[in-house]
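Subject: Structure handover

Hello,

Here is the structure I promised. My notes follow below it.

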Amino acid sequence: MFRAVPVVVDADDRGVPTASGGRSGRRRERLLASSAALAHFRTRTTSMRDLPTAVKPLLARFMSDAGAAVPLVALWAHGSLALGDYQSGRSDLDLVALVGTELDGAQQAELRAVHERLIADVPLARSLHCTYVPRGDATDTARRHPTWAQGEWFERPVTPVSRRELSMGAVVLHGPPPAGLLPGVSDRELAEFIRAELEDYWLPVTSSAKAGLWLQDIWVDLGMLTFARASVTLRDGRLITKRQALDELCSMGAPAAVVDDIRRRRYGTNLLKNPSASADRRARRAEQAREFVRAGITALLARDESPPPGPVPPSRLTRRPLPPA
């Protein structure tokens, strides 16, 4: 989700003076932290042979079937699979395919059929999402590309978060790596995207009118984890995993019971034991999570901090529609 993001007496994020190296010092620290994270990230999975055994047959068949439908130049994985945080049966398989031509209607129909057949034969394929980008189309970062995700065929751009993940350490499943084939992402563009996602999408979702959504596990999980990951990226430019986001939530003072509930559901072994199954517990958990995320986003957006240096993005990318109440 990843989620997008002045010795000189300095001020911390709340405007309290500190004895650090100032705003420029903070930026140098962020760059060093980002460089360290990048060096660590590049030691992670880089090719098909290093992937979890459970996903190899699925991805091998997908490459074969998709390659028979369209000219497949390259196929890259990002998200939890590349970050080393993949949980079989719980994580999505986030892919970007570079194709050799603009896809016409017939090719798009065939790709959709590829995904539908795969799901019919391999249940794990329900979590496989892929965006198809024509080769050479690397300048218009807001352009929407044909995509299969969540059982639907639609169009969306490759977001700055996804492009940053790919530039840091994509799993190269086929063809060349993404460097030079996809546009890079400045710190400013990443921060702008993440703040817009929080303001335009997540903040409205935390309103009382959407309270019913938070009774569902998926909204509690995504809301809490997205906020934690966005906070870290806006603070120091790093992208973190969902597992790391749980630790971040603890340090942010998130409700411990809610964090433990997410950790059990994502990383636990006994999924049949659900302490949030009762209606009262779900209602309490929903309210705690919604209020925590809403207060956190409000404070984060109100924080007065200059964006990192770099070109200003031309516009905000089009957001997803808000879900029904």
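Strands β3 and β8 (residues 171-174) run antiparallel and are joined by three bridges. Tryptophan 76 stands opposite valine 172 in β8. Strands here are DSSP E runs of at least two residues, helices are H or I runs of at least four, and both are numbered from the N terminus. Two strands count as paired if DSSP finds at least two bridges between them.

A caution on the source: this is a predicted model, local features need pLDDT of at least 70, side-chain atom pairs count only at pLDDT 80 or more, and totals for chains, interfaces and linings use all residues. Residues are numbered from 1 along each chain as its sequence is written, and side-chain values use heavy atoms, with hydrogens and water left out.

Back to β3. Strand β4 (residues 93-99) also runs antiparallel to β3, with six bridges between them. In β4, leucine 95 is the bridge partner of alanine 77, and alanine 97 is that of leucine 75.

Why is β3 (residues 72-78) largely enclosed by the rest of the structure? Seven of its seven residues are buried, so the rest of the structure largely encloses this strand. Buried means under 20% relative accessible area, exposed over 50%, and partly exposed in between (1.4 Å probe, protein chains only).

Now the sheet. It is open, has six strands in the order β7-β6-β5-β4-β3-β8, and its pairing is mixed. β7 (152-156) and β8 are the edge strands, each pairing on one side only. The twist averages 25° from one strand to the next. Helix α2 (residues 56-69) packs on the sheet and touches β3, β4, β5 (128-134) and β8. The direction of α2 makes about 35° with that of β5. Contact means heavy atoms within 4.5 Å.

Next, a helix pair. Helix α8 (residues 242-251) and helix α9 (residues 256-267) pack at about 165°, with their axes 10 Å apart. Axes are lines fitted to C-alpha atoms, for helices over the stretch in contact, and angles run from 0 to 180 degrees between N-to-C directions. α8 and α9 are therefore roughly antiparallel (over 145 degrees). From α8, Lys242, Arg243, Leu246, Asp247, Leu249 and Cys250 meet Val259, Ile262, Arg263, Arg266 and Tyr267 of α9.

Finally, the totals. The protein chain has 10 helices and eight strands. Of its 325 residues, 50% are buried.

Best wishes

Methods
Angles under 35 degrees count as roughly parallel, over 145 as roughly antiparallel, 65 to 115 as roughly perpendicular and the rest as oblique.
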